[in-house]
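Have the model open beside you and follow along.

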Amino acid sequence: MESQTIVEALLLGMIEGMTEFIPVSSTGHILLAGHFLGFHSTGKAFEILIQLGAILAILSVYFHRLWQMLVDLPRDRVTRHFVLGILVAFLPAAVIGALAHGFIKTVLFESPRLICVMLIIGGLVLLWVDRFKPKPLYHDVERFPLRLYLQIGLFQCLSLIPGTSRSGSTIVGALLLGVDKRAAAEFSFFLAMPTMVGAFAFDLFKNRNVLTSADLPIIAAGFIAAFVAALIVVRFLLNYVSRHGYSLFGWWRLVIGTVGLAALFVRG
């Protein structure tokens with residue numbers, strides 16, 4: 001049974017890493033997969049804690065740029081503006097997520113039908129935005145106006161509903177607000193860093209009294225798989241969306257959401 005659970009954790013970790021930074025909802029995917037596999041984690045902590053693997057993947061890819069930002073922060077106005085913009089964008093979802101944590105984990109996370117419906121709705125929105133092609137006004141993530149950072153952060157609040165997608169809500173919001181495709185994906189990467197670290201730390205704190213040593217191998221397996229899968233995805237995503245846009249991910253969401261609803265109906 002334990003080996004089977006490790007295998008399931010590796011599979012779910014791979015799904016997390018593959019889907020975290022593309023607009024298809026990683027949480028929705030691993031909750032649905034876990035539901036059909038019969039995978040149960042203590043306090044639903046596994047689904048959040050393995051995100052640390054994806055966080056470390058993007059930190060490793062952007063290490064040199066992040067280090068340069070840290071060096072430039074005291075003396076460069078543009079760098080200070082960008083860091084402030086990331087914090088401004090991060091705060092709305094952080095505040096609402098902390099206040100609604102119990103409802104999100106005990107109600108929304110337990111509703112696979114809601115996840116499937118949100119996958120389908122998000123897929124339709126993504127296809128519409130990709131075809132609508134609003135004229136890009138902003139191309140440099142470090143020079144967005146502060147109000148634009150805040151507006152994108154408000155869009156990120158939608159991702160508190162599983163199946164919506166953190167990257168999907170920020171990318172769609174950015175595209176609608178006039179950000180070009182590559183910059184929208186890149187800012188989603190940067191915004192993911194404080195958002196996912198905050199979610200990881202908050203969830204670890206909330207579950208500190210229920211997690212046991214028996215949970216650690218399962219979480220570690222998911223963490224490693226998420227790190228490797230996310231590392232591969234992040235390295236190729238920006239170039240892909242620059243050339244092809246987001247329609248593939250819209251169709252992906254429609255297929256997964258529809259298949260998920262059909263499977264739930266068949267299983268009763």
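Let's begin with S188, which sits in helix α11, residues 181–206. A quick word on names: helices here are DSSP runs (H or I, at least four residues), strands are E runs of at least two, and both are numbered from the N terminus. This is a predicted model, where local features need pLDDT of at least 70 and side-chain atom pairs count only at pLDDT 80 or more, while totals for chains, interfaces and linings use all residues. Residues are numbered from 1 along each chain as its sequence is written, and side-chain values use heavy atoms, with hydrogens and water left out.

Back to S188: is this residue buried or exposed? S188 has 1% relative accessibility, so it counts as buried. The cut-offs are under 20% relative accessible area for buried, over 50% for exposed, and partly exposed in between, using a 1.4 Å probe and protein chains only. Setting aside residues up to four places away in sequence, S188 touches R166, S167, T170 and I171, where contact means heavy atoms within 4.5 Å. With T170 there is also a polar contact, side chain to side chain, at 3.2 Å. That term means a pair of N or O atoms within 3.5 Å; within protein, one must be able to donate a hydrogen and the other to accept it, and residues adjacent in sequence count only if both atoms are side-chain atoms.

Next, look at helix α10, residues 166–176. Ten of its eleven residues are buried, so α10 is largely enclosed by the rest of the structure. The buried ones are R166, S167, G168, S169, T170, I171, V172, G173, A174 and L175. What covers them? The cover includes α8 (112–132), α9 and α11. Just after α10 comes G178, with a positive phi of about 100°.

Now go to the loop between α9 and α10, where you'll find S165. Most residues other than glycine have a negative phi. S165 has a positive phi of about 95° although it is not a glycine. With a relative accessible area of 4%, S165 is buried.

T27 lies in helix α2, and at 15% relative accessibility it counts as buried. Leaving out residues up to four places away in sequence, T27 touches Q51, F109 and P162. In the loop between α1 (2–19) and α2 sits S25, another residue other than glycine with a positive phi, near 75°. S25 is buried too, at 3% relative accessibility.

While you're at α2 (residues 26–37), see how it lies against helix α13 (residues 247–267): their axes come within 12 Å and cross at roughly 25°. That makes α2 roughly parallel to α13. Axes are lines fitted to C-alpha atoms, for helices over the stretch in contact, and angles run from 0 to 180 degrees between N-to-C directions. Under 35 degrees counts as roughly parallel, over 145 as roughly antiparallel, 65 to 115 as roughly perpendicular, and the rest as oblique. On the α2 side, H29, L32, H35 and F36 meet W252, I256, G260, A263, L264 and R267 of α13. By class, the residues of this α2–α13 contact split into six nonpolar, three polar and one charged. Ala, Val, Leu, Ile, Met, Phe, Trp, Tyr, Cys and Pro count as nonpolar, Asp, Glu, Lys and Arg as charged, and the others, Gly among them, as polar.

H81, F82, L84, G85, V88, A89, F90, P92 and A93 in α6 meet L146, Y149, L150, G153, L154 and Q156 in α9. The α6–α9 contact has eleven nonpolar, four polar and no charged residues.

Last stop: L238, in helix α12, residues 216–244. L238 is buried, with a relative accessible area of 10%. Apart from neighbours within four places in sequence, L238 is in contact with Y62, R182, A185, E186 and F189. E186 is 52 residues away from L238 along the chain, and their C-alpha atoms are separated by 7.1 Å.
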